[in-house]
Amino acid sequence: MFSPRTRRRWLITALSAVLVASGAAGTTAQAGQAGPADGPAAAAVTFSDTFDGPAGAAVDSSKWQLETGDNVNNHERQYYTSGTRNAALDGQGHLVITARKENPADYQCWYGTCQYTSARLNTAGRFTAQYGHVEARMRVPRGQGMWPAFWMLGTPVNWPDSGEIDIMENVGFEPSTVHGTLHGPGYSGSGGIGAGYTLPGGRAFADDFHTFAVDWAPDSITWSVDGNVYQRRTPADLDGRQWVFNKPYFLILNLAVGGYWPGDPDGSTVFPQQLVVDHVSVTTSDAPAGGTIRGLAGKCVDVAGANTANGTPVQLHDCNGTAAQRWSVGGGGTIRALGKCLDVASGGTADGSPVQLWDCNGTEAQKWVVTGAHDIVNPQADKCLDVTGNNPADGTRLQLWTCSGGANQKWTVG
């Protein structure tokens, strides 16, 4: 039986040359950096594209490049083109990648004269990320043979040893399900490590926009759809095989037609089909391991016992440089450590509501604002992150409390 994703990386050799020539391998391009008054975001590097521009315009070439050609390794049917016929802005803040049943320039594919065109974009040589919150809000196409994907490749590219993180893949015969997968040495193609997420009630992903994301930390990657976490992977999931995900990766968006996994289009497939992308963003840390948050008596915000279980208390503790004290800013105002989010237990808004670690889920209980006065505020409660009882002892739990300006509510980030 063929692997569903056997060596679909037809441009690997060329990409390696691009990365080496540009000096991008092993670096992080800083597309935007917040100012000191923004608290945790002061240590954040954010890649963001909201695809603003006139209808028919090309994508920003400082952020994306278009790959061209076919893909014999995976037996896909499309020819990826340059220009704007298959990848263009729509004038309403979207990138539209269009798959068409056509061959306007006598393109030749592995199987003969190409039957379809589409587009594939990547950030190689322009932007790489290492750790953080990586997301795209998209509406996928529908129909047998459609295969949209949002994913990342490790640098320098030598697939599968360099690694691959599939944030979202959808195949047309599963309209209600998307997949997130890791590929690496000894676990590539159909042997990838991953899981699927299915919408409730039989709804199709093509009906609406959805946000697909990973939260990526050292030795941990967590997948979510619309803030709903559906899997987390660590080196323990690889049965002794090599974890290759603690290094820089670049982004890829594409819409394939046909291939081993989705199968070819049939008489039910309507063309053209479109992958509509509302935005892509990456929020990571200048220091991949994250930074500290220091408060009362110079002590650090700490995850008790470095335990990643949901509900683990967040406390004050002597600063020790461990991963339990390394925090970074994710999307939507979240503050993250160990691949999870700083969370108010049960979404509480009352004084004394305890703070904990929890799977990132997009709720208001996980949104924070760092003020210029060094408060960390939960806007839903309009209350401050507070050291219980103004007690500087190791293990003192953190909570929400009405903002008072006291030393037990003042925090230095980074």
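Colleague: How many Å apart are the sulfur atoms of Cys341 and Cys360?

Modeller: This is a predicted model, in which local features need pLDDT of at least 70 and side-chain atom pairs count only at pLDDT 80 or more, while totals for chains, interfaces and linings use all residues. Residues are numbered from 1 along each chain as its sequence is written, and side-chain values use heavy atoms, with hydrogens and water left out. A disulfide is a pair of cysteine sulfur atoms within 2.5 Å. Cys341 and Cys360 form such a bond, and the distance between their sulfur atoms is 2.2 Å.

Colleague: Which parts of the chain does the pair Cys341 and Cys360 tie together, and how many residues apart are they?

Modeller: Strands here are DSSP runs (E, at least two residues), numbered from the N terminus. The torsion about the S-S bond of Cys341 and Cys360 is about 100°, so this disulfide is right-handed. Cys341 lies in strand β25 (residues 340-344) and Cys360 in the loop between β26 (355-358) and β27, so the pair ties together parts whose separation in sequence is 19 residues.

Colleague: Is Cys319 buried, exposed or partly exposed?

Modeller: Cys319 forms a disulfide with Cys300, their sulfur atoms being 2.0 Å apart. Buried means under 20% relative accessible area, exposed over 50%, and partly exposed in between (1.4 Å probe, protein chains only). Cys300 has a relative accessible area of 0% and is therefore buried. Cys319 has a relative accessible area of 31%, so Cys319 is partly exposed.

Colleague: What is the handedness of the disulfide of Cys109 and Cys114?

Modeller: A disulfide joins Cys109 to Cys114, with 2.0 Å from S to S, and both Cys109 and Cys114 are buried. The torsion about their S-S bond is about 110°, so the disulfide is right-handed.

Colleague: What is the pairing of the bonded cysteines when they are numbered in sequence order?

Modeller: By the distance rule, the count comes to four disulfides. With the bonded cysteines of the protein chain numbered in sequence order, the pairing is 1-2, 3-4, 5-6, 7-8.

Colleague: Which residue in β30 stands opposite Leu385?

Modeller: Strand β29 covers residues 383-387 and pairs with β30 in the antiparallel sense over four bridges. Opposite Leu385 stands a residue of β30, namely Leu400.

Colleague: Which residues is Ser224 in contact with, leaving aside its neighbours within four places in sequence?

Modeller: Ser224 is found in strand β16 (residues 220-225), and at 7% relative accessibility it counts as buried. Contact means heavy atoms within 4.5 Å. Beyond those near neighbours, Ser224 is in contact with Thr211, Phe212, Ala213, Val229 and Tyr230.

Colleague: Over which residues from residue 1 onward is the pLDDT below 50?

Modeller: pLDDT is the predictor's confidence in each residue, from 0 to 100. The mean pLDDT of the protein chain is 87, and 87% of its residues reach 70 or more. Where pLDDT is low, the predicted coordinates should not be read in detail. The pLDDT is below 50 over a stretch that has 115 contacts in the model beyond near neighbours in sequence, namely residues 1-43.

Note on methods: Pairing = 2+ DSSP bridges.
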